[in-house]
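Subject: Structure handover

Hello,

Here is the structure I said I would pass on. My notes on it follow below.

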Amino acid sequence: MILLTSSSDFFQCTNKFFLSEQAAGIQLKEFARKNAANALSVTNMVMGMASILSSLNGHHHAACWLVLTGYLLDLADGAVARRLDACSALGEKLDDFADFTTFGIATSLLLRTTDLLGDIMCMCYVLSVFVRLCFLLKRLFCDCSAGIPFMYRGLPCVYSSAILASASLLSGGNMAVLQVIKVAMILFMITETFYPHDRVLESQAWKKVVYAGGVVMVFCSSFPPACVYYLLWSVSYVLFPTSLWNRKV
């Protein structure tokens, strides 16, 4: 009788253990689902901080490629959040902080010079990113029955950063060229021009191929064609936003 009681207790303890393990596994999966996109945003922010440190230590090549890596992460985090149905207010804030760090401060340091005018232009670039993130990042609400997606107002800072980082690598850090591009990017970001919300990973197959090519190019960072790839990708969005990058409904 004692043996039977002991066996029953053993099986009850075993069942409780497996049930608790199963519950813990479910909670872990749910936590991973809710925070996968947030992890990408935080990684983007880390890339930005690493780029800042690289710029301050004179590692210009690494700083540029860290910004371009952040570019890929920024295009992915929103897609992951929507795919996993894990959009949240926290995620939006993390995305904004990451954007400001990588595409604002880190990018401006790529253009830093030793004179006062260069420093002022860097501050102007950071302020233009700040203005766009705070005031111009608005949705254009359209008639849903018309099938028209909402659009950005002002060039997304992720594309201006990609253009500047690629141009910096290709020009060898030629400040005369970069200052002209920087002024143009500032104007694009603060204008009222509308740009499509390019859900690259949720759109046509060729856009996904373009993104996959960008991932491959990260591993070819020592070759100039990799920089040309990012430059053409980001410039095409600026020049042909509707005809090429408007998401098909």
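Predicted model: local features only at pLDDT ≥ 70, side-chain atom pairs only at ≥ 80, totals over all residues.

Some overall values come next. The protein has 249 residues, and 41% of them count as buried. Its accessible surface is about 13600 Å², with 70% of that belonging to carbon and sulfur atoms.

Helix α5 covers residues 157-171 and helix α6 covers residues 175-190; their axes come within 10 Å and cross at roughly 175 degrees. An angle over 145 degrees counts as roughly antiparallel, so that is how α5 and α6 run relative to each other. On the α5 side, the contact involves Cys-157, Ser-160, Ile-163, Leu-164, Ala-167, Ser-168 and Ser-171, and these meet Leu-178, Ile-181, Lys-182, Met-185 and Met-189 of α6. By type, the residues of this contact are eight nonpolar, three polar and one charged.

Last, the cysteines. With a cut-off of 2.5 Å between sulfur atoms, the count of disulfides is zero. For Cys-122, the closest cysteine sulfur is that of Cys-124, and the 9.2 Å between them is too far for a bond. Cys-122 counts as buried, at 9% relative accessibility, whereas Cys-220, at 26%, counts as partly exposed.

Regards

Terms used: Residues numbered from 1 in each chain as written. Heavy atoms only, no water. Axes fitted to C-alpha atoms, helices over the stretch in contact; angles between N-to-C directions. Helix = DSSP H or I, 4+ residues; strand = E, 2+ residues; numbered from the N terminus. Parallel < 35°, antiparallel > 145°, perpendicular 65-115°, else oblique. Contact = heavy atoms within 4.5 Å. Nonpolar A, V, L, I, M, F, W, Y, C, P; charged D, E, K, R; others polar. Buried < 20%, exposed > 50% of the residue type's maximum accessible area, 1.4 Å probe, protein only. Areas by Shrake-Rupley, 256 points an atom, 1.4 Å probe, with all protein chains shown as cover.
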